[in-house]
Amino acid sequence: MRVGFALVCALLLGCGSALAEPAPALRLLSEHPVEGMRGGNLSGLAQCGQQLWTVSDRDDDQIYRLDPNDGVWQAQTVPIEVPPVPDSGLPWGLRARTWVASFVRGGDLDFEGITCDSAGNRYIVSEAHAAVLQVPSAGPASWLKISPLLVREARASGMLLHFNALFEGLAISPAGDQMWLAAERESRGLLRIKRQQTVWECDGGCVLLSEAGVEMQPASFPKAKAVSRDFADLSLYNGKLFTLERNKFEICRRDAMTARVERCWSFADEALQAHRRYSQEYGLAEALVVDADGAWVGIDNNNGVRADGERRPIVWRFAAPVGGWSAAP
């Protein structure tokens with residue numbers, strides 16, 4: 001009977017891992033409401049040197065610098081001039097739905113992730129257009145020239161098929177010559193491209209992982225149910241790729257070349273305390289930065305109000321796990 005349950009769980013819910021030991025819990029050090037984001041909806045985080053940067057999926061013409069302190073953070077506006085978006089190979093139907101949605105919610109570009117290389121260049125992924133904008137520390141912004149094979153291979157593997165379920169996060173190597181992109185859901189996946197002179201190419205194939213199916217939300221989630229597996233953001237630290245797995249309330253360490261899961265840590269205990277809960281049916285963590293001392297996790301509250309009345313976007317600081325992020329299971 002137990003074997004039968006395990007087989008059904010693995011096939012229907014994709015929850016074979018639920019039968020193993022639970023992921024160790026991360027410890028919350030602090031939380032910081034963010035003031036001054038015109039469009040709210042904090043949807044990405046990046047650390048460039050000692051500075052944190054963020055984007056809103058409602059703002060097309062500005063990004064934000066965050067000045068960390070012990071309490072409320074103030075977002076400092078940095079205007080950007082965005083050139084016309086190149087054709088990434090998305091089908092007309094998806095592009096048309098994006099265009100219509102931009103009139104309803106604002107934000108044609110739908111910025112969903114931001115990252116930095118060691119030179120201080122910032123890279124922002126547009127979910128709506130499956131494109132990446134480079135914002136240098138000095139000079140004009142420009143769209144990366146990405147091979148159309150990226151979108152073609154992703155769609156052939158079951159990703160980028162549904163509206164509002166395209167690229168949700170990105171990470172870049174310190175040298176700025178390799179990039180990882182996360183497809184959000186249905187199917188979720190991880191892809192890698194490399195810079196070849198002026199064009200970003202698939203190096204023997206773009207797709208590292210394509211994964212369909214559903215998994216259970218944490219038991220402490222109100223009315224927990226099986227939901228689509230998803231990725232909400234990426235962070236590259238110490239040669240490892242860290243994925244923000246929003247609906248499981250976990251951060252997972254993966255091999256950067258194969259996307260194989262090595263270890264996961266849960267932030268559900270802290271995020272789902274009664275006063276921190278939202279009425280929305282899914283996880284709201286959208287932004288991730290992992291460093292030696294811990295992790296920054298950003299919450300896109302979609303203009304929703306938390307149980308304690310907090311309406312602003314939130315950034316949490318978690319301590320690094322015991323033994324560090326490289327610790328073996």
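Guide: Let us begin with a term: a residue is called buried when its relative accessible area is under 20%, exposed when it is over 50%, and partly exposed in between, with a 1.4 Å probe and protein chains only. Please keep in mind that this is a predicted model, in which local features need pLDDT of at least 70 and side-chain atom pairs count only at pLDDT 80 or more, while totals for chains, interfaces and linings use all residues. Residues are numbered from 1 along each chain as its sequence is written, and side-chain values use heavy atoms, with hydrogens and water left out.

Visitor: Is Asn238 buried or exposed, and how do you know that?

Guide: Its relative accessible area is 58%, and exposed means over 50%, so Asn238 is exposed.

Visitor: How do you know that Cys252 and Cys264 form a disulfide?

Guide: A disulfide is a pair of cysteine sulfur atoms within 2.5 Å, and the S to S distance of Cys252 and Cys264 is 2.0 Å, which makes the pair a disulfide. The angle about the S-S bond is 105°, and the link is right-handed; Cys252 and Cys264 are both buried.

Visitor: How many disulfides are there by this rule?

Guide: The count comes to 3 disulfides. One of them joins Cys48 to Cys116, with an S to S distance of 1.7 Å, and this pair links distant parts of the chain, from strand S2 (residues 42-48) to strand S6 (residues 111-116), 68 residues apart. Another joins Cys202 to Cys206, with an S to S distance of 1.6 Å, and it is left-handed, with -75° about the S-S bond.

Visitor: Why is Cys202 counted as buried?

Guide: Cys202 has a relative accessibility of 15%, and the limit is under 20%, so Cys202 counts as buried. By the same rule Cys206 is buried at 0%, Cys48 at 15% and Cys116 at 12%.

Visitor: How do you know that S20 pairs with S19 and with S21?

Guide: Two strands pair if DSSP finds at least two bridges between them. S19 and S20, which run antiparallel, are joined by 6 bridges, and S20 and S21 pair in the antiparallel sense over 5 bridges. Cys252 is the bridge partner of Thr243, and in S21 the bridge partner of Cys252 is Cys264. S19 and S20 form a hairpin with 4 residues between them, and in the turn Phe249 has a positive phi of about 55°.

Visitor: Why is S20 described as largely enclosed?

Guide: Of the 6 residues of S20, 5 are buried, so S20 is largely enclosed by the rest of the structure.

Visitor: What makes the buried residues of helix H3 line one face?

Guide: The buried residues of H3 (residues 149-156) are Leu150, Val151 and Ala154. Seen down the axis of H3, these residues fall within an arc of 90°, so they line one face of the helix, the arc being that of the directions from the helix axis to the C-beta atoms. Arg152 and Ala156, on the other side of H3, are exposed.

Definitions and conventions:
Helices (H or I, at least four residues) and strands (E, at least two) are DSSP runs, numbered from the N terminus.
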